[in-house]
Amino acid sequence: MFFNAIPVWGNYLNNTDKLNRHLLFRETIESFNNVNINIAASDFYRLTVNGEFVGFGPARTSIGYARVDSYDLSNIKSSENGKNEIVIEVAGYHCKSLSTVLRDSSLCAEITENGTVIKYTGRDFNCFENTRRERKVERYSVQRHFGEIYDDSLETKRTVQVVPVAQEVKFIPRRVPFASCIASDTYKYMSRGVFVETDDGRIHSGEFGTEKNKTLIVSLLKMSLNMGYFLPMRSKINRIVMWAV
């Protein structure tokens, strides 16, 4: 299912360093004519092309296997400057859960044009880490992975050296339909409030909407998600915490 691509991930040395990483793999191509991309990832990925959402995956499978998603990019309009950006964001949790199997995080991706491989992991794709997403956070639950906390005061990304991931995985087709991912606006805030850091370093939760020096806004959003995680792309506040309810 892959001709040249191999699974890769950041060069993290121990299990603690591997926990809760969010990496971005970026590549550019000149045209989308007869272009396809195959993707296998652990634990979850999101594919965007020229800043537009294309797909999310992978489909679940058992340990020792990885499902491969294939996207035909031929119908996407090319950028006027001839530099078309393909970005694959991968959330690698590297922890036990009832949501995914426990294995090393990785991405295996390959771009073909007219059936010929032109870009692939192991040779191409620049890798960055989303440093605004904090790693040391609470688990969402025993069944799932980590909650999401973003610190907008930090640098946006950091370059990461990737290395091959040594694991025996058999690639198999997706075999199930893709989710219908339709964008919709948040229609109601369930609750909104503030946390304030005290002089001794603790976080104090006062009455909602009354505290000064608002450093943390918490929004409990009532929404349905097609994705196992969701990523706010831009924020004007210093720090944001999100849960889906």
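Trainee: In which sense do β2 and strand β10 run, and how many bridges join them?

Mentor: In this predicted model, strand β10 covers residues 126–130. Within this pair, R26 stands opposite N126 of β10. The two strands, β2 and β10, run antiparallel and are joined by 4 bridges.

Trainee: What is the strand order of the open sheet of 6 strands?

Mentor: The pairing in this sheet is antiparallel. Its edge strands are β5 (52–57) and β12 (157–159), each of which pairs on one side only. Neighbouring strands are turned against each other by 25 degrees on average, with direction ignored. The order of the strands is β5-β4-β7-β2-β10-β12.

Trainee: Over how many bridges do β2 and β7 pair?

Mentor: In this pairing, T28 has E85 of β7 as its bridge partner. The sense is antiparallel, and the number of bridges between β2 and β7 is 9.

Trainee: Which residue of β7 does Y45 stand opposite?

Mentor: Strand β4 pairs with β7 in the antiparallel sense, over 6 bridges. Within β7, the residue opposite Y45 is V90.

Trainee: Why is β7 described as largely enclosed by the rest of the structure?

Mentor: A residue counts as buried when its relative accessible area is under 20%. Strand β7 has 9 residues, and it is largely enclosed because the number of them that are buried is 8.

Trainee: Which residues does F25 touch, not counting residues up to four places away in sequence?

Mentor: With residues up to four places away in sequence left out, F25 touches V8, W9, I86, V87, I88, V90, L107, F125, N126, C127 and V162.

Trainee: Is T112 buried or exposed?

Mentor: T112 has its place in strand β8. Leaving aside neighbours within four places in sequence, T112 is in contact with N34, V35, N36, V117 and I118. Its relative accessibility is 13%, and therefore T112 counts as buried.

Trainee: What is the separation in space between Y65 and I172, C-alpha to C-alpha?

Mentor: Y65 is found in strand β6, residues 65–72, and is partly exposed, with a relative accessible area of 33%. Not counting residues up to four places away in sequence, Y65 touches R103, V169, K170 and I172. Along the sequence Y65 and I172 are 107 residues apart, while their C-alpha atoms are apart in space by 6.9 Å.

Trainee: Where is A183, and is this residue buried or exposed?

Mentor: A183 lies in the loop between β14 (170–173) and β15 (189–197). A residue is exposed when its relative accessible area is over 50%. The relative accessibility of A183 is 78%, so A183 counts as exposed.

Trainee: What distance separates the C-alpha atoms of A183 and F53?

Mentor: Along the chain, A183 and F53 are 130 residues apart. The distance between their C-alpha atoms is 9.6 Å.

Terms used: Residues numbered from 1 in each chain as written. Predicted model: local features only at pLDDT ≥ 70, side-chain atom pairs only at ≥ 80, totals over all residues. Heavy atoms only, no water. Contact = heavy atoms within 4.5 Å. Buried < 20%, exposed > 50% of the residue type's maximum accessible area, 1.4 Å probe, protein only. Pairing = 2+ DSSP bridges. Axes fitted to C-alpha atoms, helices over the stretch in contact; angles between N-to-C directions.
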